[in-house]
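Work through the exercises below with the model open.

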Amino acid sequence: MIPAAFEYVRADSPEAALDALAEHGDDAKLMAGGHSLIPMMKLRLAVPTVVVDIGRITRLSYIRDRGDHVAVGALTTHYEVETNDLLHAEVPLLAHAASHVGDLQVRHRGTIGGSLAHSDPAADLPAVLLALDATFVATGPGGVTRDIPAGEFFTGYFESSLAEGEMLTEIQIPKMAGAGWSFQKFNRRAQDWAIVGVAAVHGPDRTGIGLVNMGTTPLRASATEAALASGSDLADAAAVADEGTEPSADLHASVDYRRHLARVLVRRALEDASG
Amino acid sequence: MNITITVNGSEHTAEVEPRTLLVQFLRDQLRLTGTNVGCDTSSCGACTVLVDGASVKSCTMFATQADGLFVETIEGIADDDGTLHLIQEAFRQHHGLQCGYCTPGMVMASLSLLNENPDPSEREVRTGLEGNLCRCTGYHNIVKAVLAAATGDPASEPSFTPVDLTTGARS
């Protein structure tokens, strides 16, 4: 499969990438690791006329301790996330979930920022960062930055609140401070997308539950979180996990089956996180 | 556009269309046809090569993205005198192949895996190779070969307990 022809621009700095976006507007698409974009270009579901390769901007590849949170540069690869000691210690849910993205070859190229900006509701990391109450930093023209709470980032099917001319540059994740966690990914084969997935943080001070593939965006299991806050036990809280979701049917699962999986996987996740 | 890629130690400069995939560049322009195209959708791993030492699927990377980088393919890992690489020899000793189509990708993925994790468990080998499909389903001997290579002796017999396919339990 061969993508449609395009003009290739390599940006060596965030400034150069933003300039290219300003110059080419809607015709341009940023490419980080390319592991979401290239498959879509090969299927001609994406037909950008200009591809701005930001994969060499090493300044945006880092994992740093910032006191109450860990800052991860948008161009950090999944492999770097899954093998990072600081993340294993302070945000183990993210390090663990990153090791379930695609396969090793994909994780060598794919980046955390690319996955989030792609905003695929079936991807693992968007729901994980929702559950973790992360903040996404977008950089726009003139280097102006804007903090976007994860809960406001995903606005639609493959759509985010990144404005035209902006790029995602950093992800800030509050440290988990020993809270329990679990990641449940239900799929048919090792490297498949989740039919349904659940990322949960559950501790004395905080609960966050993210759902993969239960709607047009990654979602919080808000009804379950509210039930837990008002004192429900885990099983009763998990029984309402699909409230407010709008899963779709496809070859792998009906709507009812996805709702069932969400309830079961949220229960397993809460039990696992509490264990 | 003009790109320069060092492939198996030799520098190659070529004019490519930006949409040229790395695997097309390797196979069609350099005629290095050891790297196979299987699914062409970054699922099967037949096209696995190393870019700056890490395994990647060359069907899901543009040649332009490898400009200035170091690529290794299956053609580059044996010695000049034909002596097989340790991992190739282990695949041979343990018959880690049937039809052979997935083999170049399996070997390159294993090479990257062992660089990152020199002493993997059987489970780590299996999960480390989850991006490589063998449609002959010859996984058992492939896993044995990688474990043998990890010992440094390609002929060694790694011991692991097979899974009971009816119960999923280890016997």
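**Exercise 1: a lysine and its surroundings**

Leaving aside residues up to four places away in sequence, A:Lys42 touches A:Met1, A:Ile2, A:Pro3, B:Leu21, B:Asp40 and B:Cys59, where contact means heavy atoms within 4.5 Å. The model is predicted: local features need pLDDT of at least 70, side-chain atom pairs count only at pLDDT 80 or more, and totals for chains, interfaces and linings use all residues. Residues are numbered from 1 along each chain as its sequence is written, chains are lettered from A and ligands numbered from 1 in the order in which they are written, and side-chain values use heavy atoms, with hydrogens and water left out.

Task: state where A:Lys42 is placed and whether A:Lys42 counts as buried or exposed.

Solution. 
- Step 1. A:Lys42 belongs to helix H2 (residues 37-42) of chain A; helices (H or I, at least four residues) and strands (E, at least two) are DSSP runs, numbered from the N terminus.
- Step 2. A:Lys42 counts as buried because its relative accessibility is 6%. Buried means under 20% relative accessible area, exposed over 50%, and partly exposed in between (1.4 Å probe, protein chains only).
- Step 3. The side chains of A:Lys42 and B:Asp40 form a salt bridge at 2.7 Å, N to O. A salt bridge is a side-chain nitrogen of Lys or Arg within 4 Å of a carboxyl oxygen of Asp or Glu.
- Step 4. From A:Lys42 to A:Gly25, 17 residues apart along the chain, the C-alpha separation is 22 Å.

**Exercise 2: chain B against chain A**

Task: describe the interface of chain B and chain A by area and by pair counts.

Solution. 
- Step 1. Chain B contributes 33 residues to the contact and chain A 31 residues.
- Step 2. About 2500 Å² is buried between chain B and chain A, 53% of it on carbon and sulfur atoms. Buried area is the accessible area (1.4 Å probe) that two parts lose on being put together, summed over both.
- Step 3. On the chain B side, B:Arg19, B:Gln65 and B:Glu130 lose the most area to chain A, together 26% of what that side buries.
- Step 4. The two chains share 4 salt bridges and 14 residue pairs in polar contact (both at pLDDT 80 or more). A polar contact is a pair of N or O atoms within 3.5 Å; within protein, one must be able to donate a hydrogen and the other to accept it, and residues adjacent in sequence count only if both atoms are side-chain atoms.
- Step 5. Strand E4 (54-57) and helix H3 (103-116) of chain B each supply at least two residues of the side that touches chain A.

**Exercise 3: two domains within chain A**

Task: how many residues of domain 1 of chain A are in contact with domain 2 of chain A, and what area is buried between them?

Solution. 
- Step 1. Chain A is assigned domain 1 (7-53), domain 2 (58-174) and domain 3 (180-273); such bounds come from an automatic or database domain assignment.
- Step 2. In domain 1 of chain A, 14 residues are in contact with 14 residues of domain 2 of chain A.
- Step 3. These two domains bury about 1200 Å² between them, with 73% of it on carbon and sulfur atoms. In domain 1 of chain A, A:Pro14, A:Leu18 and A:His35 lose the most area to domain 2 of chain A, together 41% of what that side buries.
- Step 4. The count of salt bridges between the two domains is 1.
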